[in-house]
Amino acid sequence: MSPARKLRTLEQADFDRLLNWLDSDPEVAGTLYEKIRWRLIAILASRGCHVPEELADETIDRVARRVIDIRETYVGDKAIYFLGVMNNVHHEYLKRRPQPRTVEVAASVEEKERIHLCLDRCLEKLSPHARQIIERYYAENKRARINLRRRIASELGVTASNLRLRALRIREKLQVCIDSCLET
Amino acid sequence: MTTSQNSDLKPTDEVIRGFLLGCLNAADQEEFEGQLISDERLHERVRHAEFQLADEFAGEQIGRIDRHRFLKNFLVTTERKRIVAASEALRQSLSLAIDARAIPPASWRHLFDFRKSAWRYAFGALVLLFLIGSFWLVTKERKIITYVIPKRIFRRPAATVTPQETHHPPNTAPPEHRESAASPPGHEALVSPGDSAQKPVVVLSLTAGGDVSQASSMSLPAADVVRFQLAFEGDRLRPLRIELNNLEGQSVFFAEAPAIEKNYGRIDFDVPANRFKSGSYQIRVSEADNAEQEVARYYFRVP
């Protein structure tokens, strides 16, 4: 077996061990893994890191390699362990020579068309009530939007903050649907 | 790294926004990170704040400084770029939809705005329908065409002797008459215009002999029957009476011409040649039911 193949095999084994350490239920473990990764990325981005996804994955890899050693002895919130490893990874990143940041390129016309197409498909999948909420929540004019949201909240018999929460949850579902659509 | 779970930092919306834009101070940043990494509810709030921030950016409702922070510290992940792209798409399509619904039509004129595509298609379909209908009528309903465009009636061709009109000024040589082989006389009767073959013809026009002093001299053909062709003006819509007399008043020929629909411009009649002697003659055409109503008068002289 070549060293590269051995490394990949070990990584897959480490990853499976990591998931098992997070939770014995693979589905719950997968959800926890996604959430921890998302939080690491958010924290790294907030710290001004230009490659937060890369550092988050590096952090997870390091934890996965250590799980075999700590799984029997570690006590407490496992997510905090990730945060500690991430601090080390980030510290190393800061010590490295700063890499030039890639210039952002605006989405091409084709990409925008794809996004619009996926958005239309995902909007159609929403329930009529959910669609009504999100359509009315996104008004064009800011002043009109505020008044409109108050009116919608009044019509639905909820507070403005509750309406916002509902709309954002629908928006989150839409984003998951759009991402899935774009990947297909 | 250790974080305090019982910190005093309240993760308000402003703190969350500051975290996402990377503008918290070091202490708050560290404290917030500790809360976020293990707080499920805060995770959801930060997630929602991401969408809200992306919506504000897409709607250009974010200040200049925050915009700079947004580009530097927020828009650094693939997922967030997708969120912003979706926010832009959502804002565009839903705002248009809301605008279209929120603004009622100004008046019924909005409905009849002929610049709309629907009207253009409707007119196009109407023109197409008209063309198809016209084609169908032409190909399937020929009766209608013949009704609209009357059928042209062609007269039956007949061989006739070319008439020679006696337009001769006074004191000139007598007109020449074409003569052909004479046929036996039948009876005194008007003849149809096409029945002049093989008979000598004398053509008299109204203007040629309107006055007895201007009567043309003509030599009758050596035939048993002489055919006269009276050219006249106007329609022949009523029956006519034709009298051929000598100047002494003796009747040489008499006939009635029935009214006909078409104006042939002439009346033909045959007269036995032996009834003519040397002298002047008059042909008087009047209405059949009213002899006083003269239609035309012709004079000619037989040498």
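User: Which residue in the turn between β4(B) and β5(B) has a positive phi?
Analyst: That's B:Gly249, with a phi of about 95°. The two strands form a hairpin with four residues between them. Keep in mind that this is a predicted model.
User: Okay, and how many bridges join those two strands?
Analyst: Six, linking β4 (residues 240-246) of chain B to β5 (residues 251-257) of chain B, and the strands run antiparallel. As an example, B:Leu244 has B:Phe253 in β5(B) as its bridge partner.
User: Which other strand does β4(B) pair with, and over how many bridges?
Analyst: β7 (residues 279-287) of chain B, antiparallel again, over seven bridges. There, B:Glu243 sits opposite B:Arg284 of β7(B).
User: Switching to chain A: how many helices and strands does it have?
Analyst: Eight helices and zero strands, so to speak an α-α-α-α-α-α-α-α run from the N terminus on.
User: How much of chain A is buried?
Analyst: 23% of its 184 residues count as buried. As for contacts in chain A with a separation of 6 or more, 55% of them come from residues 24 or more positions apart.
User: And how many residues does each chain give to the contact between A and B?
Analyst: Chain A gives 35 residues and chain B gives 34. On the chain A side, the elements giving two or more residues include α2 (26-46), α3 (52-70) and α8 (160-183).
User: What kinds of residues are on that side of chain A?
Analyst: They split into 16 nonpolar, seven polar and 12 charged.

Technical notes. Residues are numbered from 1 along each chain as its sequence is written. Chains are lettered from A and ligands numbered from 1 in the order in which they are written. This is a predicted model: local features need pLDDT of at least 70, side-chain atom pairs count only at pLDDT 80 or more; totals for chains, interfaces and linings use all residues. A residue is buried if 20 or more other C-beta atoms lie within 10 Å of its own, exposed if 12 or fewer, and partly exposed in between; C-beta atoms are placed from the backbone. Two residues are in contact if their C-beta atoms, placed from the backbone, lie within 7 Å. Ala, Val, Leu, Ile, Met, Phe, Trp, Tyr, Cys and Pro count as nonpolar, Asp, Glu, Lys and Arg as charged, and the others, Gly among them, as polar. Two strands pair if DSSP finds at least two bridges between them.
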